[in-house]
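Please walk me through this structure. I would like to see how its parts are held together.

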Amino acid sequence: QVHLVESGGGLVQPGGSLRLSCVASGNILRIFKMAWYRQTPEAQRELVAMIDSDESTNYADFVKGRFTISRDDAQKTVFLQMNDLQPEDTAVYYCYMQIRRIGVFDPRNHWGQGTQVTVSS
């Protein structure tokens with residue numbers, strides 16, 4: 001079994017910052033892509049940022065210059081540093097990892113349970 005646990009969400013004022021973390025545990029052989037998605041009740045889940053195993057990154061246009069994704073493979077952790085947060089960033093943020101488990105050939109997609117980020121004055 002593989003488990004992803006997010007932390008770092010909360011309430012912040014406009015212009016503030018938060019840092020999300022997501023740690024993977026279980027019978028993990030290797031982690032390929034890591035990413036953060038977000039979802040509001042009114043919209044589908046959307047990609048925020050992705051980082052590949054070579055540390056190349058991809059960001060949604062609405063977060064470029066404000067958010068930074070990074071990873072620590074030794075700790076099986078992905079981070080999302082969020083600066084200059086705005087009310088429209090309010091959402092549940094989910095981490096995603098593409099993981100090859102021990103004894104399983106094909107990588108599988110794994111998701112965290114989500115962490116709420118609320119930006120409000």
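Glutamate 46 is partly exposed, at 33% relative accessibility. Here buried means under 20% relative accessible area, exposed means over 50%, and partly exposed lies in between, with a 1.4 Å probe and protein chains only. The partner of glutamate 46 is arginine 38, and the two form a salt bridge with their closest N and O atoms 3.0 Å apart. A salt bridge is counted when a side-chain nitrogen of Lys or Arg is within 4 Å of a carboxyl oxygen of Asp or Glu. Arginine 38 is buried, at 7%.

This is a predicted model, in which local features need pLDDT of at least 70, side-chain atom pairs count only at pLDDT 80 or more, and totals for chains, interfaces and linings use all residues. Residues are numbered from 1 along each chain as its sequence is written, and side-chain values use heavy atoms, with hydrogens and water left out.

A second salt bridge joins aspartate 89 to arginine 66, at 2.7 Å from N to O. Aspartate 89 sits in the loop between β8 and β9, and arginine 66 in the loop between β6 and β7, so this pair ties together parts that are 23 residues apart in sequence. Strands (E, at least two residues) and helices (H or I, at least four) are DSSP runs, numbered from the N terminus. Aspartate 89 is buried, with 1% relative accessibility. Arginine 66 is buried too, at 16%. Through shared partners, salt bridges join Arg38, Glu46, Arg66 and Asp89 into one network.

The whole structure holds six salt bridges. One of them pairs aspartate 52 with lysine 33, the closest N and O atoms being 2.9 Å apart. Aspartate 52 lies in the loop between β5 (46–51) and β6 (57–59), while lysine 33 belongs to strand β4 (residues 28–39), so the contact links parts 19 residues apart in sequence. Both ends are partly exposed: aspartate 52 at 21%, lysine 33 at 27%.

Now turn to the covalent link. A disulfide is a covalent bond between the sulfur atoms of two cysteines. The test used here is a pair of cysteine sulfur atoms within 2.5 Å. By this rule there is one disulfide. It joins cysteine 22 and cysteine 95, with the sulfur atoms 1.9 Å apart. Cysteine 22 is in strand β3 (residues 18–26) and cysteine 95 in strand β9 (residues 91–101), so the bond ties together parts that are 73 residues apart in sequence. Cysteine 22 is buried, at 0%. Cysteine 95 is also buried, at 0%.

Strand β3 leads on to a sheet. Four strands form an open sheet in the order β1-β3-β8-β7, with antiparallel pairing. At its edges stand β1 (2–7) and β7 (67–72), each with a single partner strand, so one side of each has no neighbour in the sheet. From one strand to the next, the twist averages 15°. Two strands count as paired if DSSP finds at least two bridges between them.

Six bridges join β7 to the antiparallel strand β8 (residues 77–82). Serine 70 stands opposite phenylalanine 79, and arginine 71 opposite valine 78. The hairpin of β7 and β8 has four residues between the strands, and there lysine 76 takes a positive phi near 55°.

Which residues make up the covered face of β7? They are Phe67, Ile69 and Arg71, while Thr68, Ser70 and Asp72 make up the uncovered face. In a regular strand, side chains alternate between the two faces of the sheet.

Methods. Axes are lines fitted to C-alpha atoms, for helices over the stretch in contact, and angles run from 0 to 180 degrees between N-to-C directions.
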